[in-house]
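Good morning, and thank you for making time for this item.

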Amino acid sequence: MACSRYEYVKGYEQDDRILPNVWIVIRIDGKKFHKFANTHKFEKPNDENALHVMNVAGIGVMQEFRDIVLGYGQSDEYSFVFRKDTDAFKRRAAKLLTYVTSLFSTSYVMSWPKWMQQPLAYAPCFDGRIILYPSDENLRDYLSWRQADVHVNNLYNTAFWKLVLESGLSNQQAEQRLRGTLSADKNELLYQQFGINYNNMPAMYRKGTILLRKRVLQFGQDEQDKGRQAIVPLHEDLIGAEFWRKHPEILGKYV
Ligand code: DGT
Ligand code: MG
Ligand code: MG
Ligand code: MG
Ligand code: MG
């Protein structure tokens, strides 16, 4: 029964339910974090504490949305993968996207003071998008794409900031020095000029952060006890097959 003559306007709302049986990925990304990082004096190229703020916000999202099976964060972005058969919010796209994006933003702001010395100068915000992947292969390729992105950027940025901060090159000179170089060249430059073995740099910077749900035994529990579920950060390679063999539960392949 219509309560008022105005109620017909509800009919203008669109049905945005996502089709069944596809992987739902939500990726959020910081708005103009180039500027945000400068304003808040992030260390270059990686600010460990700022990355912790991102990871804590990612964990906050996964604690609230139980159907997220994997989170993946690097730089100013986080991707969240929902179970293929999730019925959260009846798979309504706008609800899923806005809840995840706003919860990430508020969690980011709430955990900021625990990790950062400097108070927030202004309210950070994040954009969000939904991407649907029909096959496990598509999903793996998506995550591989994001991890390859952090590898390429981090290797470049590490070399760039070494040249600027330690060799005294201008930004432009450093850019010129690196123009056209391959990964192997940048590895070699880091090793020869700065004594750095890139592969020994912190894995969080090179690989990003993967958040998975795992059962962890609590102290004093016997082995019968299945333990408590925790969200565990990993900094592993997810491009190779080994990761997926080790964590079959992500794709719903229980062994
Ligand atoms: P957007 O996303 O189009 O609004 O613009 P940005 O500036 O957020 O660009 P994006 O997302 O492509 O790149 C992320 C920026 O965030 C990049 O310029 C470097 C900065 N950033 C992220 N993490 C760190 C960090 O740990 N340290 C520093 N210094 N900068 C960081
Ligand atoms: Mg961008
Ligand atoms: Mg951004
Ligand atoms: Mg970004
Ligand atoms: Mg309401």
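The protein chain holds 8 helices and 6 strands; here helices (H or I, at least four residues) and strands (E, at least two) are DSSP runs, numbered from the N terminus. This is a predicted model, in which local features need pLDDT of at least 70 and side-chain atom pairs count only at pLDDT 80 or more, while totals for chains, interfaces and linings use all residues. Residues are numbered from 1 along each chain as its sequence is written, and chains are lettered from A and ligands numbered from 1 in the order in which they are written.

From the N terminus on, the order of elements is β-α-α-β-β-α-β-α-α-α-α-β-β-α. The C-alpha trace spans about 75 × 55 × 40 Å along its principal axes. Of the 255 residues, 24% count as buried. A residue is buried if 20 or more other C-beta atoms lie within 10 Å of its own, exposed if 12 or fewer, and partly exposed in between, with C-beta atoms placed from the backbone. Two residues are in contact if their C-beta atoms, placed in that way, lie within 7 Å. Among contacts between residues at least 6 apart in sequence, 68% join residues at least 24 apart.

I turn to the core. In soluble globular proteins, nonpolar side chains tend to be buried together. A nonpolar core is taken as a set of buried Ala, Val, Leu, Ile, Met, Phe, Trp, Tyr and Cys residues joined through C-beta atoms within 7 Å. The largest one has 33 residues, and Ile-26, Phe-80, Val-81, Val-100 and Phe-104 have the most contacts inside it. Elements giving two or more residues to this core include strand S1 (23-30), helix H2 (48-64), helix H3 (93-115) and strand S5 (209-216). Which element gives the most? That is H2, with 8 residues. Leaving aside neighbours within four places in sequence, Ile-26 touches Phe-80, Leu-96, Leu-97, Val-100, Gly-128 and Ile-130 by the contact criterion.

Next, a pair of helices. The axes of H4 (residues 136-165) and H5 (residues 171-178) come within 9 Å and cross at roughly 135 degrees. Such axes are lines fitted to C-alpha atoms, for helices over the stretch in contact, and angles run from 0 to 180 degrees between N-to-C directions. H4 is therefore oblique to H5, given that angles under 35 degrees count as roughly parallel, over 145 as roughly antiparallel, 65 to 115 as roughly perpendicular and the rest as oblique. The contact is made by Tyr-156, Ala-159, Phe-160, Leu-163 and Val-164 of H4 and by Asn-171, Ala-174, Arg-177 and Leu-178 of H5.

Finally, the backbone. Most residues other than glycine have a negative phi, and most peptide bonds are trans. Lys-44 and Pro-45 are joined by a cis peptide bond, with omega about -5 degrees; Pro-45 sits in the loop between helix H1 (33-39) and H2. Lys-32, not a glycine, has a positive phi of about 45 degrees and is placed in the loop between S1 and H1. Is Lys-32 buried or exposed? Lys-32 counts as exposed because 12 C-beta neighbours lie inside 10 Å. Arg-91, in the loop between S3 and H3, has a positive phi near 60 degrees. Arg-91 is partly exposed, with 18 other C-beta atoms within 10 Å.
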